[in-house]
Amino acid sequence: MDERSRYVKLTKDQKPVEQDIQPGELNQPIHVPQLAVPKCMECGQPLPESYAPPADEPWMTGIFGCAEDRESCLTGLFCPCVLFGRNVESLNEDTPWTGPCICHAIFIEGGIALATATAILNGVIDPGTSFLIFEGLFFTWWMCGIYTGQVRQNLQKNYHLQNSPGDPCCVHCCLHWCALCQEHREMKGRLSESISSETTIVNPPPIQEMKSADVKETPESSSANNSDHTNLEMQAL
């Protein structure tokens, strides 16, 4: 069968239909629902449909679960500046732990030592001076709570954690040592989970042996055949 031509011949009286096409109308973007997926601004991973900022994922441990990790509990009790520096280094690999540790030691441990000395020398130091010292220390503690709260907020953004038990800055102002231990346990648990998920056990393939149907000649048999050929005598005709 002869296929008919797909082209249509136009006569002189017929003209193509003219359409009003505005400049740039053919270059409009096409909406694809599969690509319109909300993604995290920090890690770029697609978020579920039920996601509501800041996040609804719970913490691995509670704020008062310090006894679950004895090492971090003792470090946070006696050397909270070291634990804070380790937390910042684990969160930001480009930042060494010594810088945050020194800042924490100066403003928080130094402030606590100054407050203790002022309380001991209550009768020696003028009451007005003591009041100014305590007022300055209260303001410094509030500023340190904001700084350490920002670190906790960055941790929540990375792992999509909820505000538990409250705002990060308020948690550090009221429960600073417990918050440091909780953040360390959270990053330690997340890191161990990521390492265990990345490592896979691969078994080596079984040893395969190839056997041919024809039996090969042994060196002894081949040498015997060669000797038979060499023992031939030539006789004159």
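Start your tour by selecting L74, which is partly exposed, with a relative accessible area of 40%. Keep in mind as you go that this is a predicted model.

**Stop 1**

L74 sits in helix α1, which covers residues 70–78.

**Stop 2: helix α2**

Next, select residues 80–91, which form helix α2. This helix has 12 residues and reaches 17 Å from its first C-alpha to its last, close to the 16 Å expected at 1.5 Å a residue. How many of the residues of α2 are buried? The number is 9 of the 12, so the helix is largely enclosed by the rest of the structure. To see them, colour P80, C81, V82, L83, F84, G85, N87, V88 and L91, the buried residues of α2.

**Stop 3**

Select D69 and K188 to view one of them, where the closest N and O atoms are 3.6 Å apart. This pair links distant parts of the chain: D69 belongs to the segment before α1, while K188 is in helix α6 (residues 176–198), 119 residues apart. Are the two partners buried or exposed? D69 counts as buried, at 12% relative accessibility, whereas K188 is partly exposed, with a relative accessible area of 45%.

**Stop 4: from α4 to α6**

R152 lies in helix α4 (residues 127–159) and E183 in helix α6, so the pair ties together parts that are 31 residues apart in sequence.

**Stop 5**

Now select E186 and R190. Their side chains meet in a salt bridge, at 2.9 Å from N to O. Both residues lie in helix α6, 4 residues apart, which is about one turn of the helix. In an α-helix there are 3.6 residues a turn, so residues three or four places apart point the same way. R190 is buried, as is E186.

Which residues does it join? E57 is linked with E186 and R190 in a network of salt bridges.

Note on methods:
Residues are numbered from 1 along each chain as its sequence is written. This is a predicted model: local features need pLDDT of at least 70, side-chain atom pairs count only at pLDDT 80 or more; totals for chains, interfaces and linings use all residues. Side-chain values use heavy atoms; hydrogens and water are left out. Helices (H or I, at least four residues) and strands (E, at least two) are DSSP runs, numbered from the N terminus. Buried means under 20% relative accessible area, exposed over 50%, partly exposed in between (1.4 Å probe, protein chains only). The expected span of a helix is 1.5 Å times one less than its number of residues. A salt bridge is a side-chain nitrogen of Lys or Arg within 4 Å of a carboxyl oxygen of Asp or Glu.
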